[in-house]
Amino acid sequence: MSHYAGAISTFDLTKHIFTDKLFSSKTKVRLFMNFIRSLERKFGRFAIRNLMLYLTVIYGVGFILSVVSPLLYYTYLNLDVGLILKGQIWRLVTWIVYPPSTSLYFGLLMLYVYYSFGTSLERVWGAFRFNLFIFMGMIFHILAAFICYFAFGLSGYDWIITPENLNMSIFLAFAFTFPDVQFLAMFIIPIRAKAMAYIYIIVMAVQFYIGSNVSRLTIGLSILNFIVFYLATRNWNRAFDVKRKQDFRVKIKPAGHVHRCCVCNRTEKDNPDLEFRYCSKCNGSFEYCSEHLYTHKHVE
């Protein structure tokens, strides 16, 4: 009998997953967040700690190679799909050896800046999520190169894909994670990180609009890791909590009070000293007084 009950409950759950109510945008985001968390639980121990340090060293090696032999990268290391299919599989990795700048001053400055961006993101996201962000960006770049080769017949000499857009995705992630950090444009004009990110997004949107299909493909795939992780790392619980507060206030406005505890039904009119909070673990707009906030049974 329990076997059939389990089968029925599984059927009912599957049925409700595809209803509009459960499969809302809120549910989609939470499912995606849960998926990221499950990956982190299973594979988090394999994450490379301080990954940005290794990338900075790789960029430094690329800078030295560009000084010693400027053509070495394009001859033996770049992401040339045609040569990869002929056996030069090391190009799937060595294409990342490309410095942010070939100028000594700006090269060192960019290495320091990107190292700061990456380490800050790793501290906030954790090593596993930052690893996933970087490697996902690399995979998308490689995918763009293969699509360009098979769909448009472009080789590594016709269309060169470098880590430039990967670095810009790191900047975008940093700017939206720390929007109020200020930079000095041209070392004079103070500008916030988020404003610089919006400027860059506008420039990319223009390039996407006026560019060729190849340009649109590479631009789209190069920032796809940023889009994915922007959704994955936002404080959605806070956003949903704000929405619940708004809905709850609309519901109770005719009653003449603002706050009501879902356990004891007391409002601020009953006791002006009571504090009320919403529970982020309850599935819905449920508010509790300070006495029942940590003792109530969560609504699933």
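**Group meeting: helices, rings and cysteines in a predicted model**

Helix α9 is mostly covered, with eleven of its 14 residues buried. Before going on, note that this is a predicted model. The helix runs over residues 164-177, and from its first C-alpha to its last it reaches 20 Å, close to the 20 Å expected at 1.5 Å a residue. Among the buried residues of α9 are L166, N167, M168 and S169, along with F171, F174 and F176.

Now the aromatic pairs in general. How many does a search of the whole structure find? The search gives 13 aromatic pairs. Take F130 and F133: their ring centres are 6.5 Å apart and their planes are at 25°, so this pair is stacked. The cut-off for stacked is under 30 degrees between the planes. Both residues sit in helix α8, residues 127-152, and because they are three residues apart there, about one helical turn separates them. As a general point, an α-helix has 3.6 residues a turn, so residues three or four places apart point the same way. Are F130 and F133 buried or exposed? F130 counts as buried because its relative accessibility is 0%. F133 is also at 0% relative accessibility and therefore counts as buried.

There is a second stacked pair to show, F146 with F150, at 6.4 Å centre to centre and 25° between the planes. These two also lie in helix α8, four residues apart, again about one turn of the helix. The accessibilities read otherwise here. F146 has 22% relative accessibility, so it counts as partly exposed. F150 has a relative accessible area of 59%, which means it is exposed. The limits that matter here are under 20% for buried and over 50% for exposed.

Next, the loop between α8 and α9, where T162 lies. At 13% relative accessibility, T162 counts as buried. Which residues does T162 touch, leaving aside its neighbours within four places in sequence? The contacts are Y73, W95, Y98 and H141.

Another loop residue is D80, placed between α4 (72-77) and α5 (81-85). D80 is at 2% relative accessibility and so counts as buried. A polar atom of the D80 side chain lies 3.1 Å from the backbone nitrogen of G82.

Last, the cysteines. A search of the whole structure finds zero disulfides. C262 is in no disulfide, and the nearest cysteine sulfur to it, that of C261, is 6.5 Å away. C262 is partly exposed, since its relative accessible area is 35%. C289 is likewise in no disulfide; its nearest cysteine sulfur is again that of C261, at 3.6 Å.

Terms used. Residues are numbered from 1 along each chain as its sequence is written. This is a predicted model: local features need pLDDT of at least 70, side-chain atom pairs count only at pLDDT 80 or more; totals for chains, interfaces and linings use all residues. Side-chain values use heavy atoms; hydrogens and water are left out. Buried means under 20% relative accessible area, exposed over 50%, partly exposed in between (1.4 Å probe, protein chains only). A polar contact is a pair of N or O atoms within 3.5 Å; within protein, one must be able to donate a hydrogen and the other to accept it, and residues adjacent in sequence count only if both atoms are side-chain atoms. Rings of Phe, Tyr and Trp (its six-membered ring) pair if their centres lie within 6.5 Å; planes under 30 degrees apart count as stacked, over 60 as edge-to-face and the rest as tilted. The expected span of a helix is 1.5 Å times one less than its number of residues. Contact means heavy atoms within 4.5 Å. A disulfide is a pair of cysteine sulfur atoms within 2.5 Å.
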